Amino acid sequence: MPINPDIQGRTLEPTAPYLVGREKIREFSRAVFATNPVNRDSAAAQAAGYADVVAPPTFPIVIQQLTLDQLLAEPDAGIDFSRVVHGDQRFSYTRPIVAGDELTGRLTVTSVKSLGGNSMITADTVVTDAAGEHVVTAISTIVVRAED
């Protein structure tokens, strides 16, 4: 099934709140080889002015993945996950993510393009905190490869 171009402009329901745990940040930091002490040590983070450990800059992918899962489950989107390749990823921050944040993501499909039989879907996930304040926007482009 080809990608449905009508998904461009679609905004999905917000994800359930995600409570950012200290150990999750530490695990993620180890996985991406983040060595800044504020990513692993609460005392170092507090000495630097943060409430708790600070997530590495790419951590919002955890929240964005929840929204991308929603997009892949859209019955009329026509996205075959077995043909998906991650094309691009960017983050635009208002403030850092720290342990204890309760975050919600909401995805909007901003672009659907076809190139040589492949489709490129760009989606913005706006991540907000429990007060509804913007924390970060994660912008992702996925490529859905053409049938062989």
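**Close-up views of a predicted model**

**View 1. β2 meets β5.** Strands β2 and β5 are joined by nine bridges and run antiparallel. To get your bearings on this pairing, find Q89, whose bridge partner in β5 is S140. Keep in mind that everything shown here comes from a predicted model. Of the eleven residues of β5, nine are buried, so the strand is largely enclosed by the rest of the structure.

View 2. Ten bridges hold the pairing between β4 (residues 118-128) and β5 (residues 134-144), and the two run antiparallel. T128 sits opposite H134 of β5. Elsewhere in the pairing, T122 has T141 of β5 as its bridge partner.

**View 3. Helix α3 and its buried face.** This helix has 13 residues and spans 18 Å from its first C-alpha to its last, close to the 18 Å expected at 1.5 Å a residue. Its buried residues are I63, Q64, T67, L68 and L71. Looking down the axis of α3, those buried residues fall within an arc of 140°, so they line one face of the helix. And what lies over them? The cover for the buried residues of α3 includes β1, β2, β3, β4 and β5.

**View 4. S119 and its surroundings.** Zoom in on strand β4 to find S119. Its relative accessible area is 8%, under the 20% cut-off, so S119 counts as buried. Leaving aside residues up to four places away in sequence, S119 touches I3, K113, S114, I142, V143 and V144.

**View 5. An aromatic pair, F28 with F59.** The structure holds one aromatic pair. The ring centres of F28 and F59 are 5.2 Å apart and the planes meet at 75°, so the pair is edge-to-face. F28 belongs to helix α1 (residues 22-31), while F59 is in the loop between α2 (42-47) and α3 (61-73), so the pair ties together parts that are 31 residues apart in sequence. Buried or exposed: which is F28? At 15% relative accessibility, F28 counts as buried. F59 is buried too, at 0% relative accessibility.

View 6. Three helices and five strands make up the protein, and along the sequence they follow the pattern β-α-α-α-β-β-β-β. Taken along the principal axes, the C-alpha atoms fill a box of roughly 55 × 30 × 20 Å. The protein has 148 residues, of which 40% count as buried. Among contacts with a separation of 6 or more, 69% are between residues 24 or more positions apart.

Methods: Residues are numbered from 1 along each chain as its sequence is written. This is a predicted model: local features need pLDDT of at least 70, side-chain atom pairs count only at pLDDT 80 or more; totals for chains, interfaces and linings use all residues. Side-chain values use heavy atoms; hydrogens and water are left out. Rings of Phe, Tyr and Trp (its six-membered ring) pair if their centres lie within 6.5 Å; planes under 30 degrees apart count as stacked, over 60 as edge-to-face and the rest as tilted. Helices (H or I, at least four residues) and strands (E, at least two) are DSSP runs, numbered from the N terminus. Buried means under 20% relative accessible area, exposed over 50%, partly exposed in between (1.4 Å probe, protein chains only). Two strands pair if DSSP finds at least two bridges between them. Contact means heavy atoms within 4.5 Å. The expected span of a helix is 1.5 Å times one less than its number of residues. The arc is that of the directions from the helix axis to the C-beta atoms.
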